[in-house]
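Please open the model in a viewer and keep the selection tool at hand. The stops below are given in the order in which they may be selected.

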Amino acid sequence: LETEHEATGLPFNRMVLAGFSQGGALSLYTGLQLKQDQALAGVVIMSGYLPKASAFAITPGLETVPILHCHGTQDNLVHPSLASKSKT
């Protein structure tokens, strides 16, 4: 993200980080751990989850970053219960 910002001048608040499955997990984890002045326009997770959700802390100031978390009920790889645990 920093490389993209430096190369194009695109502000962080115009970037959306998105991923599917493990990529969604990384997007959610990374998108809420950036520096406060790097708050994104949003994070999109499809069939993903938050790794180590119980030990996770959002960077202060990033609590309002919009999150779209989509997950089907028939996912055999990432169980829907993992996605549900990511909400808290």
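A polar contact is a pair of N or O atoms within 3.5 Å; within protein, one atom must be able to donate a hydrogen and the other to accept it, and residues adjacent in sequence count only if both atoms are side-chain atoms. The model is predicted: local features need pLDDT of at least 70, side-chain atom pairs count only at pLDDT 80 or more, and totals for chains, interfaces and linings use all residues. Residues are numbered from 1 along each chain as its sequence is written, and side-chain values use heavy atoms, with hydrogens and water left out.

**The whole chain.** Begin with a cartoon view, in which three helices and three strands may be traced; helices (H or I, at least four residues) and strands (E, at least two) are DSSP runs, numbered from the N terminus. Their order from the N terminus is α-β-α-β-β-α. Of the 88 residues in the chain, 33% are buried, where buried means under 20% relative accessible area, exposed over 50%, and partly exposed in between (1.4 Å probe, protein chains only).

**Serine 27.** Select serine 27 in helix α2 (residues 22-31). Serine 27 counts as buried because its relative accessibility is 4%. A polar atom of its side chain lies 3.5 Å from the backbone nitrogen of glycine 19. Beyond its neighbours within four places in sequence, serine 27 is in contact (heavy atoms within 4.5 Å) with Leu17, Ala18, Gly19, Val43 and Val44.

**The aromatic pair.** The ring centres of tyrosine 29 and phenylalanine 56 are 5.3 Å apart and their planes lie at 55°, so the pair is tilted. Rings of Phe, Tyr and Trp (its six-membered ring) pair if their centres lie within 6.5 Å; planes under 30 degrees apart count as stacked, over 60 as edge-to-face and the rest as tilted. Because tyrosine 29 belongs to helix α2 and phenylalanine 56 to the loop between β2 and β3, the pair ties together parts 27 residues apart in sequence. Tyrosine 29 is partly exposed at 38% relative accessibility, whereas phenylalanine 56 is buried at 17%.

**Leucine 32.** Apart from residues up to four places away in sequence, leucine 32 touches Phe56, Ala57, Ile58, Thr59, Leu62, Val65 and Ile67.

**Threonine 64.** Finally, select threonine 64 in the loop between β2 (42-46) and β3 (67-70). Threonine 64 is exposed, with a relative accessible area of 68%. Its C-alpha atom is 9.7 Å from that of leucine 40, 24 residues apart along the chain.
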